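Let's take a walk through this structure together, one chain at a time. Have your viewer ready and follow along.

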Amino acid sequence: MTLSIRYFAWLRERVGTPSETVETEAATVADLIEELKARDEGYALAFSDPGSIRAAIDQELVAFDAPLAGASEVAFFPPMTGG
Amino acid sequence: MDPIRVQSERFDMGAELNAFAASVDGAGAVVSFSGITRDLASGDLTAMVIEHYPGMTEKALAKIRATAIERFDLADAMILHRYGRLAPSEPIMMVATAARHRQAAFEGAAYLMDYLKSRAPFWKQEITPDGAAWVAAKDSDEDALNRW
């Protein structure tokens with residue numbers, strides 16, 4: 001499946017891009033994170049502390065065990081600091 | 001006026017609150033909260049930069065607003081949040097609620113703020129002469145959701 005991935009805040013800085021398109025067979029958000037971490041040291045470092053990362057599928061906040069079936073956009077970012 | 005606004009432009013808190021209050025019928029109470037760019041203890045904040053996730057931001061704010069209106073039986077609610085580069089002491093965001101009585105208006109505004117802090121995709125970065133630093137989320141912000 002083709003997925004658009006977006007990164008925000010320090011995760012964007014560590015990964016080095018705001019967005020990219022990937023081909024993946026990952027079943028869940030957690031699987032996708034493992035795939036990304038395996039790419040290179042930059043990704044491995046960016047995703048080294050899962051507790052400090054949040055994920056969204058098609059602009060809805062989800063848990064890491066959320067299935068990717070039917071998803072078109074996945075986003076990764078640090079805990080939000082609005083207000 | 002759109003009850004959900006995400007913008008880079010500066011806004012006038014007083015004018016926004018007056019417009020909101022004038023637009024509500026049958027409410028006996030209006031409560032508002034405004035967040036302002038706070039200087040650091042060291043006093044050397046140059047600017048605050050706010051990043052957001054266009055699309056998800058509007059969706060998340062609309063959901064938070066709709067939930068607050070239903071839960072506290074509000075006559076109306078508005079949320080305005082800025083992004084981009086802000087100077088110290090500039091308004092960052094504001095919420096306002098209107099209800100028949102004050103308790104619902106106060107609680108509705110507190111609910112909006114608690115959810116806005118950690119469920120709307122905004123990220124703050126503080127710029128000082130030494131560089132840029134992302135503001136870390138506080139555990140107390142996440143804990144604040146438990147009271148609802």
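Predicted model: local features only at pLDDT ≥ 70, side-chain atom pairs only at ≥ 80, totals over all residues.

Residues are numbered from 1 along each chain as its sequence is written, while chains are lettered from A and ligands numbered from 1 in the order in which they are written.

Chain A comes first. Its secondary structure comes to 3 helices and 5 strands; here helices (H or I, at least four residues) and strands (E, at least two) are DSSP runs, numbered from the N terminus. Read from the N terminus on, the elements of chain A follow the order β-α-β-α-α-β-β-β. For its 83 residues, a compact globule would have a radius of gyration near 12 Å, and chain A agrees with its 12 Å. That radius is taken over C-alpha atoms, and the globule rule is 2.2 Å times the number of residues to the power 0.38. Along the principal axes, the C-alpha atoms of chain A fill a box of roughly 30 × 30 × 20 Å. Buried residues make up 29% of the 83 residues in chain A. A residue is buried if 20 or more other C-beta atoms, placed from the backbone, lie within 10 Å of its own; it is exposed if there are 12 or fewer, and partly exposed in between.

Now look for the sheet of chain A. It is an open sheet of 5 strands, ordered E2-E1-E5-E3-E4, with mixed pairing. Two strands pair if DSSP finds at least two bridges between them. At the edges are strand E2 (19–23) and strand E4 (60–62) of chain A, each of which pairs on one side only. The twist averages 30° from one strand to the next, where axes are lines fitted to C-alpha atoms, for helices over the stretch in contact, and angles run from 0 to 180 degrees between N-to-C directions.

Strand E1 (residues 2–7) of chain A pairs with E5(A) in the parallel sense over 4 bridges, and Tyr7(A) has Phe76(A) as its bridge partner in E5(A). E3(A) is joined to E5(A) by 4 bridges and runs antiparallel to it; here Ala56(A) has Ala75(A) as its bridge partner. Strand E3 (residues 54–57) of chain A also runs antiparallel to E4(A), joined by 3 bridges, with Ile57(A) opposite Glu60(A) in E4(A).

Next comes chain B. There are 4 helices and 8 strands in chain B, and from the N terminus on they run β-α-β-β-α-β-β-β-α-β-β-α. A compact globule of 148 residues would have a radius of gyration near 15 Å, and the 16 Å of chain B agrees. The C-alpha trace of chain B spans about 50 × 35 × 30 Å along its principal axes, and 34% of its 148 residues count as buried.

In chain B, 4 strands form an open sheet in the order E1-E4-E6-E2, and the pairing is mixed. Strand E1 (4–7) and E2 of chain B stand at the edges with a single partner strand each, so one side of each is left without a neighbour in the sheet. The twist averages 5° from one strand to the next. E2(B) and E6(B) pair in the antiparallel sense over 8 bridges, and Val31(B) has Thr97(B) as its bridge partner in E6(B). Helix H1 (residues 13–23) of chain B packs on the sheet, touching E2, E4 and E6 of chain B, with a direction about 20° from that of E6(B). H3(B) packs on the sheet as well, touching E2, E4 and E6 of chain B, and its direction makes about 145° with that of E6(B).

Which residues of H3(B) are buried? Among them are Ala104(B), Gly108(B), Tyr111(B), Leu112(B) and Lys117(B).

Finally, turn to the contact between the chains. It takes 14 residues from chain A and 21 residues from chain B, two residues being in contact if their C-beta atoms, placed from the backbone, lie within 7 Å. Helix H1 (9–15) and strand E5 (73–77) of chain A each supply at least two residues of the side of chain A that touches chain B.
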